[in-house]
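Work through the exercises below with the model open. Try each task before reading its solution.

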There are 2 protein chains.
Amino acid sequence: MNQKSSSLPNITTHFADWYHEVVYQSKMADHAPVRGCMVIMPYGYAVWENIQKILDAKIKETGHQNAAFPLLIPESFLKKEAKHVAGFSPELAVVTHAGGKELEEPLVVRPTSETIIHYMFARWLTSWRDLPLKINQWCSVVRWEMRTRPFLRTTEFWWQEGHTAHETHEEARQEVKTMLDVYVDLIENYLAIPVVAGVKSETEKFAGADLTCTVEGMMQDGKALQMGTSHMISQNFAKVFEMKFQDRNGNEAYPYLTSWGVTTRLIGALIMTHGDQKGLIMPPRVAPYQIVIIPIIKTGSEDVVLNAAYALKKELEREFRVVIDTDETKTPGAKFFHWELKGVPVRIEIGPRDIEQKTVKVVDRLGLENTNVKQAELTQHLKYHLEKIQTTLLERATARRKSQWHKGARLEDFKESLEQQGGFYQTGWCRRIECEDVLKTHKATIRAVLPEKTFSICFNCDQESPSDILAAKSY
Amino acid sequence: MNQKSSSLPNITTHFADWYHEVVYQSKMADHAPVRGCMVIMPYGYAVWENIQKILDAKIKETGHQNAAFPLLIPESFLKKEAKHVAGFSPELAVVTHAGGKELEEPLVVRPTSETIIHYMFARWLTSWRDLPLKINQWCSVVRWEMRTRPFLRTTEFWWQEGHTAHETHEEARQEVKTMLDVYVDLIENYLAIPVVAGVKSETEKFAGADLTCTVEGMMQDGKALQMGTSHMISQNFAKVFEMKFQDRNGNEAYPYLTSWGVTTRLIGALIMTHGDQKGLIMPPRVAPYQIVIIPIIKTGSEDVVLNAAYALKKELEREFRVVIDTDETKTPGAKFFHWELKGVPVRIEIGPRDIEQKTVKVVDRLGLENTNVKQAELTQHLKYHLEKIQTTLLERATARRKSQWHKGARLEDFKESLEQQGGFYQTGWCRRIECEDVLKTHKATIRAVLPEKTFSICFNCDQESPSDILAAKSY
């Protein structure tokens, strides 16, 4: 372990403390002066912007359009759908006064926008020809959470929420699946985090959904993290908002609804999946900076080295996101430490001898490489090498998850390991809440119902299991 | 006047009604179920996304970074700066309850974020080496407005707000100027709206600013519209938030602050500047669709024409934002009307004879051109032609503004014209509030103090005028 990195708590023994410290020391986020809220600092926000750019393109490619709906929702809207209000009312922030007066009807700060978007869908929908409606919104939402952690669970968080209406149940099911696939693609191929896609149990599904699909990741400490959800929304929403249309036969009909979202929690997942004792490790595809250039200045060589470093930056910026650290108050060693903490995947050192020899030194954050590379070959080399880092991160995380993915027929046999070491436990389940509840006594929940069946009976009783589940402790 | 366009109120005689109708009929926005709020529909939001993309790049090029700050601000923060709270408190929406309980301290939904960002700046700032801090945020804010109009003044609106802190007064002044220039560039060169940059009077400046610079446009109905502001924020904010730093001499110092913003109001400006009796006219650089392709189908030619139209779309999409209208329930005429209402700058018609002759018909929304163009030359032609439309829109708006820009020494002589016809009135002003107030009796205000001096005395009294002003009625 690098001596200088001892300022972070031990990642193996004190993961939660390590997480908090690395978030704040790397300036991803800061505490806000409102309970449970965070400020996303520029370095953290740059990751979110990269995620937005990638995901927004995929949302548009799959035929959705962005729009903006009000932040404030009449309280009565949430009350229209009984399960929805039951799920969200304990978490609401309520505006009771505005413009110097008490409001006739309180307004809630949106915890999610189904209700107001469905109200608008009802205005917009007349005929089957108006369908499908496929809308997405990038915004923040507020849920008054009791225990918060930066990125993972905050009172206010940033997200995208997709809301769609379809003519047929089958088309809506396909939409739920399409967007789940988009999330898997984003998370695995850009954030380099392997995820498992499945279905939530009745207990764990979204308040007001018929079906909630989920993508679940496994963090270094053996806890699962829900990283995205895609819901078949109850047709009851269409009914209570009188979202009627004339179908192809001229009859009155209600559309089938979906909603789906991912949040700034993805940034927490990225930190908890890839980080190490030295700090963050950013996957190149979403890294704010893919490359940091450190000029190695010797007395007398200042101008030559700085000029060469700036010229190199200009050259590399054509292809990569690059930062240069010219802070004259810091030693190169202090700079290495600083940019390791921030997880920049590749460091380039350039000094007087490199300039003479027309090379630079390339060092990466994973320790895969520490080589002198000819400047003429640098761009090609870096393209290849950044892809290699991206792939290695996913492979590393996949290997780790494999070691944390256990199979066990009976809770009796794996409950100790589940409680003490964490990890996924694949097993059978009878679908009864009584058995699901038993997991809670071991601090675990059903994270996902899987399509495959390798266990024939429930982990807790002798009844039949229609298909496997994953049980785990979770964030 | 096109007979079909009679569904919009007369733009000359009923401009306000025309504005509302065109906004709703073209599906730029819709009424929201919360007083004074709007829903920005996909077509309107696409304009905002184009504006964001252009402006965000300029904000980053000028050295700023995006971040995200909480939506909810402790009420006490706003009270710290006396002028700021006096300006904003009548407009605040207040959260008094959250998580099922009454809050100890109410939280306001941000009307603007100076206070919470300054609180964070104080946490982040230690030494002159930490300066400048140059932060921007894209978000929505809430101000409880009495009279609202879509895009122009809504209870919730979307904007970017830049906030910066500098070591010296001079550097902060330069920042205010730089961002004002960025806004002028955006508005003139992308939205094709000529603006005048000036300084606000003491009465009109931002609550808590030492100086407010403004960019003002002139709408078709002779009313001015404030389209962006850039402020020197009172150093009092730095003091009340204890935003101290150690300066280069080792002394304790307070930074100089700026803030600047533009809002979704820009979309209203675009509509009110370029629209005509047929509907919107979108400047090509921010148009959601730059080109609409209308297949002209004759019986028997359906497949041939549709295939050619789709192939054309695919070809043109490499360079342009393109939509194709294949709705089989509508006549070509109905489609022309629809896309004219939506203001798509160029329409391409393609029918059996065009396919035979390897041409298409190009018609533009301004009536500059209605020609057959060889398909082989089409991309080049459209590039040139869209630029021509962009330039023509700015020229047209500039010529109109010129006709609405009057000079007059004495209010006595221009007050009737000001009240009845509107327009800018350039005149002199003594800088006293008594004289400024006289304008209000004519429903006008001082929109901007100009740098040049062509009038030596005040429009209302005989005292000296340091420089000219622009008076106008406004939104």
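The model is predicted: local features need pLDDT of at least 70, side-chain atom pairs count only at pLDDT 80 or more, and totals for chains, interfaces and linings use all residues. Residues are numbered from 1 along each chain as its sequence is written, with chains lettered from A and ligands numbered from 1 in the order in which they are written.

**Exercise 1.** Describe the contact between chains A and B.

Step 1. Count contacts (C-beta atoms, placed from the backbone, within 7 Å). 41 residues of chain A touch 41 residues of chain B.

Step 2. Find the main contributor. Strand β5 (residues 93-98) of chain A gives the most to this side, six residues. Strands here are DSSP E runs of at least two residues, helices H or I runs of at least four, numbered from the N terminus.

Step 3. Check pairing (at least two DSSP bridges between strands). β5(A) and β5(B) pair in the antiparallel sense over five bridges. Ala98(A) has Ala93(B) as its bridge partner.

**Exercise 2.** Find how chain A superposes on chain B.

Step 1. Superpose by least squares on C-alpha atoms of residues with pLDDT of at least 70 in both copies. The rotation is 180 degrees, the shift along its axis 0.0 Å and the RMSD 0.0 Å.

Step 2. Name the relation: a two-fold axis. In chain A, the C-alpha of Val95(A) is nearest the axis, at 2.0 Å.

Terms used. Two residues are in contact if their C-beta atoms, placed from the backbone, lie within 7 Å.
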